[in-house]
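Please look at the model below before reading on. The report after it is meant to be read with the structure in view.

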Number of protein chains: 2
Amino acid sequence: MTGASPNLVASVSRRHPEVDTPSSPVVHFDTGAPLHLACQQDLAPFSIAYETYGELNAAKSNAILICHALTADQYVASRHPITGKPGWWDNMVGPGKPIDTNRFFVICSNVVGGCMGSTGPASIDPKTGAPYGLTFPVITVGDMVEAQARLIDYLGIDQLFAVIGGSMGGMQVLEWASRYKDRVFAAVPIATAAWHSSQNIAFHEVGRQAVMADPEWSGGNYYAAGTVPKNGLAVARMAAHITYLSEEALHRKFGRNLQDRSSLSFSFNAEFQVESYLRHQGSTFVDRFDANSYLYITRALDYFDMRESAGGVLANAFRGTKTRFCVVSFTSDWLYPTRESREIVQALNAVAANVSFVDIESDKGHDAFLLEEPTFFATVRGFLNAAAMKRGLGSPEARK
Amino acid sequence: MTGASPNLVASVSRRHPEVDTPSSPVVHFDTGAPLHLACQQDLAPFSIAYETYGELNAAKSNAILICHALTADQYVASRHPITGKPGWWDNMVGPGKPIDTNRFFVICSNVVGGCMGSTGPASIDPKTGAPYGLTFPVITVGDMVEAQARLIDYLGIDQLFAVIGGSMGGMQVLEWASRYKDRVFAAVPIATAAWHSSQNIAFHEVGRQAVMADPEWSGGNYYAAGTVPKNGLAVARMAAHITYLSEEALHRKFGRNLQDRSSLSFSFNAEFQVESYLRHQGSTFVDRFDANSYLYITRALDYFDMRESAGGVLANAFRGTKTRFCVVSFTSDWLYPTRESREIVQALNAVAANVSFVDIESDKGHDAFLLEEPTFFATVRGFLNAAAMKRGLGSPEARK
């Protein structure tokens, strides 16, 4: 295991040999290059799995880092190796799309603590030869960004043209812009917040308790036990999923429609369509996600509080920034409501940052950032085009 | 077992001999007087446990029926036999209080399907000699009202002066006003809705799945198994509890305050106060509530749709009403938002009902109806006083 730098090695591995989709490249950082975590522990060795799209230009000035949300991964615009579904932002990222891979080199990496190739609680602890489980250190959103920064170093990129992400991805964008002011030319935090609210923490705690209540969770050692806490994780996903949709969206999609009967059955079957939908969300989730990763990543989100980290004044986190910001919120998002984006904008204004703020009228709730929202797409495309001009990347080629 | 009527028997039993608080009177309706349910099954025999406060006047014209919410019970203004806590509406009901037991005879009964003395899934099925469990028929809010009507018959009351309730209690109020137009002089539906929304159903389904995912639930036969699905029921309660509070209330009460540490512990302990609070809500609930009752009552709520029952036009449910209505909502209630109360008011207006509507400014969320809210208390007191004058019950005595 040797590589370009004495303390890291890049290699390509196939994590899911049972599927014919190639898995991601993985950069391995060995014990000589630990990730120093907020909890003061060092994580070493560690790996970061990532996908890239498009070509890095000679000046290495056209790279866009996309940061994923809680349960997403690096497969932003390529087929998911487990579900076989298109990438989670396939409508946003690709040739000619708002994040245009004909112009930009797009990178998306699985967060540390995740379960799609980056080191997380399901990874083998070299000290024991067994999966970490709950001995994995508690990580933060800042730790995720530090791990990404190591990947960006490895790729030889000094400054990212843009860092973009929604939800937890937006929190990483804010951390990038705060921690690496010279390395982020443009930043697009979407449907996000600068700290996790009491209600946000409450919903996550319900999910964690659901997982931990499942006897198959086995105190986090289910890998050894050969079990999977499917029921608990499904309940957690169901509860969380409600927060991703607006009341209006649920009403429009399902209302009180019955699943497949013309009248009530007076039973506990999934009788209403919304019940069936939620059960499906729960049961499909457990096939692709590690329960302990869910615990660790929700914990990282709950710990997220940039205001606190900045000594109680959020603006301090951005003092001296030259980054161009485009803050995007959605009117019906009740997980991270518009007012929380406005607080970010106010903090940026307080330090005279270059910031535009777009609150997009949508009744689709938090998940609007993953959906076909023309105004949103136009906003991202327009902002990136203008920023690319400023960055000397030229104007977009005419394209049909 | 004989009584005033050939097919019912009243007796007083003590359900919780281990506590020194007297338990409620229970009316037993025997097999000759079945409760015909919406599911077309007959429930017989069945029992209704209830509490009363104050004195019924000679004309039997001063009775107020209070309908309880999902997890409440008949102990509206008396000490709870299990928790030892004051009644759930102790601030509202009592001598000199807004619902003044010096003037009114107050009745509150445990709903059918409940677990505090009325027949429910934990009751013995006389056919088998074992608890019903999931063989108990699925009940509706209408069924709860039919059972209450039998109790009111038994008490010899033709017309209730008022029917009052919040949340699920408000739904019962609406059913009473619709089904028994001549038996309800005044109605006060509070923090409620005329049908359960898709989001309401979704949250309940999460709770039910959490209970059913608990192996100790044992397919609903945990009584025989000697287990209690505590973990699942606690998770269900935690998820539901979030919907009872506004985001603002959670923020004001807990914010991101830590439980008992000055800095983060980087663990999965209940580190934030809101986590500890929710865990407490979950763990105390399971001591006083039957998990199957939780399934049945949430199901009844999900089935609730007075518009559908009225042929698609809610107003039809109230056509011909002479009842005086006072509809109350709270501005920060996101479980049954103000707009859902407004739909009730519009339906009542459409049939020229006597209705007043008070939307109370509060940041406390759905649970505001259980809390010390001066405007709310003044509203209920004022409405009841005015209605009492109309009913010929005189004006309230001067009282310090």
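## About the model

This is a predicted model, in which local features need pLDDT of at least 70 and side-chain atom pairs count only at pLDDT 80 or more, while totals for chains, interfaces and linings use all residues. Residues are numbered from 1 along each chain as its sequence is written, chains are lettered from A and ligands numbered from 1 in the order in which they are written, and side-chain values use heavy atoms, with hydrogens and water left out.

## Where the two chains meet

The size of an interface is often given as the accessible area lost when the parts come together. Between chain A and chain B the buried area (the accessible area, with a 1.4 Å probe, that two parts lose on being put together, summed over both) is about 4,700 Å², and carbon and sulfur atoms give 68% of it. On the side of chain A, the residues that lose the most area to chain B are A:Arg256, A:Phe266 and A:Phe268, which together account for 18% of what that side buries. Counted by contact (heavy atoms within 4.5 Å), 54 residues of chain A touch 54 residues of chain B.

Across this interface the rule finds 34 residue pairs in polar contact, both residues being at pLDDT 80 or more. A polar contact is a pair of N or O atoms within 3.5 Å; within protein, one must be able to donate a hydrogen and the other to accept it, and residues adjacent in sequence count only if both atoms are side-chain atoms. The elements of chain A that give two or more residues to the side touching chain B are α3 (198–213), α5, α6 (247–253), α7 (273–285), α8 (291–303) and α10 (338–350), where helices (H or I, at least four residues) and strands (E, at least two) are DSSP runs, numbered from the N terminus. With 12 residues, α3(A) gives the most to that side. By class, the side of chain A that touches chain B has 30 nonpolar, 12 polar and 12 charged residues, where Ala, Val, Leu, Ile, Met, Phe, Trp, Tyr, Cys and Pro count as nonpolar, Asp, Glu, Lys and Arg as charged, and the others, Gly among them, as polar.

## Salt bridges

A salt bridge is a side-chain nitrogen of Lys or Arg within 4 Å of a carboxyl oxygen of Asp or Glu. Over all chains the structure holds 30 salt bridges, and the count between chain A and chain B is 12. One of the bridges between the chains joins the side chains of A:Arg339 and B:Glu247, at 2.8 Å from N to O.

Within chain A, the side chains of A:Glu205 and A:Arg208 meet in a salt bridge of 3.2 Å, N to O. These two residues are separated by about one helical turn because they are three residues apart in helix α3 of chain A, and both are buried (buried means under 20% relative accessible area, exposed over 50%, partly exposed in between, with a 1.4 Å probe and protein chains only). Another salt bridge of chain A joins A:Arg252 and A:Asp363, whose closest N and O atoms are 2.3 Å apart. This pair links distant parts of the chain, for A:Arg252 is in helix α6 and A:Asp363 in the loop between β15 (354–360) and α11 (374–390), 111 residues apart. A:Arg252 counts as partly exposed at 47% relative accessibility, and A:Asp363 counts as partly exposed at 31%.

In chain B, B:Glu205 forms a salt bridge with B:Arg208, the closest N and O atoms being 3.2 Å apart. B:Glu205 is buried at 0% relative accessibility, and B:Arg208 is buried with a relative accessible area of 2%. Salt bridges that share partners join A:Glu205, A:Arg208, A:Arg299, A:Asp302, B:Glu271, B:Glu275 and B:Arg279 into one network.

B:His80 is found in the loop between β6 (63–67) and β7 (93–94) of chain B, and is buried, with a relative accessible area of 7%. A polar atom of the B:His80 side chain lies 3.1 Å from the backbone nitrogen of B:Ile82 and 3.3 Å from that of B:Thr83. B:Ser332, in the loop between β14 (324–330) and α10 (338–350) of chain B, is also buried, with a relative accessible area of 9%.
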